[in-house]
Amino acid sequence: MEEYANLRSIAARLRRHIISMVAAANSGHPGGSLSAVEILTTLYFKLMKLDVSQPRWNQRDIFVLSKGHASPVYYAALAERGFFSPEELLSFRKINSRLQGHPDRENIPGVDMTTGSLGQGLSAANGMALAAKLDGQEQRWVYVLLGDGELQEGQVWEAVMTAAHYHLDNCIAFVDWNGLQIDGEVSQVMNTSPLKEKFAAFNWHVQEIDGHDFAQIIAAVETAKAAKGRPSAIIARTIKGKGVSFMENQAGWHGRAPGQEQAQQALKELEVE
Amino acid sequence: MAKTATRDAYGKALAQLGAENEQVVVLDADLSGSTKTAAFAKEFPRRFFNLGIAEADLIGTAAGLAAAGKIPFASTFAVFAAGRAYDQIRASVAYPKLNVKIAATHAGLTVGEDGATHQMNEDIALMRALPNMTVVVPADGPEAGAATLAVARHQGPVYLRLGRPAVPDIHGEDYAFDLFKAPVLREGGDVAIFACGYMVHLALEAAAQLEKQGISAAVVNVHTIKPLDKETVLRYARRCGRVIAAEEHSIIGGLGSAIAEVLGEEQPTHMVRIGVRDTFGESGKPAELLEKYGLTAEAIVQAARKLMQ
């Protein structure tokens with residue numbers, strides 16, 4: 001476990017940023033940001049080939065946050081990775097800030113694709129994966145993070161077909177399977193299960209993992225990279241609101257900011273790492 | 001006079017572009033025979049992507065290719081591009097200013113027999129309302145070819161509106177196309193006819209008829225609706241004092257609206273709009289539809305006579 005102490009401490013910092021940002025903005029999406037912390041931590045601090053001095057370096061690995069409302073975890077990861085100062089995080093969602101409510105590739109260093117209208121990120125990721133193939137960049141990886149509720153958007157399945165049809169084995173899609181969406185449980189609002197079977201039926205390589213376990217995330221990406229000829233789905237079981245006792249598994253914390261007292265309590269809980 | 005469909009000229013120019021520029025890629029949604037992207041597909045199969053009947057994914061994939069530095073041309077019928085994939089164009093192309101060229105064919109009533117579901121008369125309005133979008137409506141084959149090459153050189157999102165039927169070649173092969181300048185095809189002092197797309201050759205016909213009736217009509221080919229060549233619009237509105245806008249599109253939100261907005265703020269001018277009058281089309285031959293919905297040279301002549309009274 002000690003092997004991942006560094007990643008664990010980064011993850012704790014990202015969680016504290018998420019709470020501080022959303023509390024300062026008095027708006028934003030903490031639940032689905034907290035559920036994706038380990039996935040983004042692993043990508044940005046262990047797996048992705050990046051150069052923070054050249055955010056658009058043409059050999060870099062790419063990440064598309066298709067569930068764009070999880071911008072707090074994305075911005076926190078980019079800031080901690082060095083694309084911009086962590087101090088800027090508190091300008092999130094405020095007037096004249098670069099840190100828009102949803103990611104804007106035009107203005108935020110390190111953001112590879114503008115997202116926010118759900119269902120569009122995998123299509124864009126496919127386009128970038130096709131471009132990498134055209135350019136002969138076989139060792140360039142395109143990661144995308146989808147929400148499980150987001151899978152209700154029809155365009156996702158158009159793009160799922162496209163990735164398989166064009167054999168985009170350089171495309172690796174995580175599903176943040178936290179089971180909750182704004183109106184409640186995904187299974188109650190509009191069931192998207194069974195996920196594993198769906199992706200498999202669409203000719204994807206599929207793995208199911210614990211999305212809070214660094215070892216499993218790393219191993220799954222290694223396995224995905226070795227799966228030639230097919231895109232890979234990593235269905236990551238997660239806990240919405242992970243790490244903050246009163247937010248865990250509560251759909252109500254999808255898009256609500258904590259008050260000052262709640263934020264203090266959450267930050268205290270997140271100090272123990 | 002030779003006739004060419006703007007979609008045919010687009011397909012030809014696209015194949016030329018493919019040979020000139022490795023970065024050009026083409027996407028289609030199961031209509032490559034009709035949109036004329038098939039010629040590019042045949043010559044450059046590695047750089048052609050058929051997305052199947054999935055227009056949202058067509059636009060989203062094009063956005064990703066542009067984000068990675070490619071110059072994607074995404075083609076389907078206008079109704080499925082501007083209509084069905086509007087939010088994809090808005091959120092994944094226009095907002096991030098990605099270098100995607102949406103080349104939409106079968107715009108307007110002249111689709112003909114397919115009827116109202118396929119006759120897109122609202123696309124200029126939809127695309128013009130999007131920040132960062134350039135909207136181009138070529139009048140004939142030579143202009144469509146030149147516009148295809150020009151938008152490939154232009155950095156940023158473009159909506160290129162193309163038609164199904166063959167139209168008379170107004171411009172010669174030596175036509176020097178300027179994306180941001182509306183060419184004056186005929187000088188005149190009594191009434192200025194601003195037209196785009198299919199209506200341009202009809203505007204020229206109307207001007208010739210008007211001359212016989214003693215009315216001097218200028219004809220301006222407003223091929224780029226956005227950004228609008230305001231200077232030329234204002235100059236001819238001032239010179240003539242009477243204005244007609246003619247487009248194969250709804251009178252709501254298209255060329256006529258764009259001109260009325262400029263004139264309303266800067267040079268209030270008596271004006272008549274020729275276009276589809278806030279209604280859906282129907283099945284029929286293109287000529288029958290244009291007659292029934294009032295998109296004819298005769299309608300332009302009548303509008304000019306009314307303005308002269």
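The model is a predicted one. Chain A and chain B bury about 2,100 Å² between them, while within chain B the two assigned domains bury about 2,400 Å² between them. The largest nonpolar core has 90 residues, and it lies between the two domains of chain B, because both of them give residues to it.

**The nonpolar cores**

- In the largest core, the residues with the most contacts inside it are A:L122, A:F199, A:W204, B:Y159, B:F194 and B:I259.
- Helix α5 of chain A, which spans residues 121–134, contributes 8 residues, the largest share of this core.
- Domain 1 (3–168) and domain 2 (184–308) of chain B both supply residues to the core, so it lies between them.
- Leaving aside residues up to four places away in sequence, B:I259 touches B:F194, B:L228, B:V233, B:V243, B:A245 and B:M271.
- As general background, nonpolar side chains in soluble globular proteins tend to be buried together.

**Where chain A meets chain B**

- The contact draws 23 residues from chain A and 27 residues from chain B, and of the roughly described buried area, about 2,100 Å², 56% is on carbon and sulfur atoms.
- On the side of chain A, the residues that lose the most area to chain B are A:Q120, A:L134 and A:E158, which together account for 26% of what that side buries.
- Across this interface there are 2 salt bridges, and A:E106 forms a salt bridge with B:K97 in which the closest N and O atoms are 3.5 Å apart.
- There are also 12 residue pairs in polar contact across the interface of chain A and chain B, counted where both residues are at pLDDT 80 or more.
- Helices α5 and α6 (154–165) of chain A each supply at least two residues of the side that touches chain B, and α5(A) gives the most to that side, with 8 residues.

**Where the two domains of chain B meet**

- Chain B is divided into domain 1, covering 3–168, and domain 2, covering 184–308, and the C-alpha centres of these two domains lie 25 Å apart.
- In domain 1 of chain B, 30 residues are in contact with 34 residues of domain 2, and 58% of the area buried between the two domains is on carbon and sulfur atoms.
- B:L109, B:N121 and B:R128 supply 28% of the area that domain 1 buries against domain 2, more than any other three residues.
- The count between these domains is 1 salt bridge, and the side chains of B:E261 and B:R128 meet in a salt bridge with an N to O distance of 2.9 Å.
- On the side of domain 1 that touches domain 2, the elements giving two or more residues are α7 (123–128), β6 (134–136) and β8 (166–168) of chain B, with the largest share, 4 residues, coming from α7(B).

- Helix α10 of chain B, residues 230–240, has as its buried residues B:T232, B:V233, B:L234, B:Y236, B:A237 and B:C240.
- The cover over these buried residues includes β9 (184–186), β10 (191–195), β11 (217–221), β13 (242–250) and α11 (255–266) of chain B.
- Just after α10(B), B:G241 takes a positive phi of about 75°.

Key: Residues numbered from 1 in each chain as written. Chains lettered and ligands numbered in written order. Predicted model: local features only at pLDDT ≥ 70, side-chain atom pairs only at ≥ 80, totals over all residues. Heavy atoms only, no water. Core = buried A, V, L, I, M, F, W, Y, C linked by side-chain atoms within 4.5 Å. Buried < 20%, exposed > 50% of the residue type's maximum accessible area, 1.4 Å probe, protein only. Domains from an automatic or database assignment. Contact = heavy atoms within 4.5 Å. Buried area = accessible area lost by both parts, 1.4 Å probe. Salt bridge = Lys/Arg side-chain N within 4 Å of Asp/Glu carboxyl O. Polar contact = N/O pair within 3.5 Å; in protein donor to acceptor, adjacent residues only side chain to side chain.
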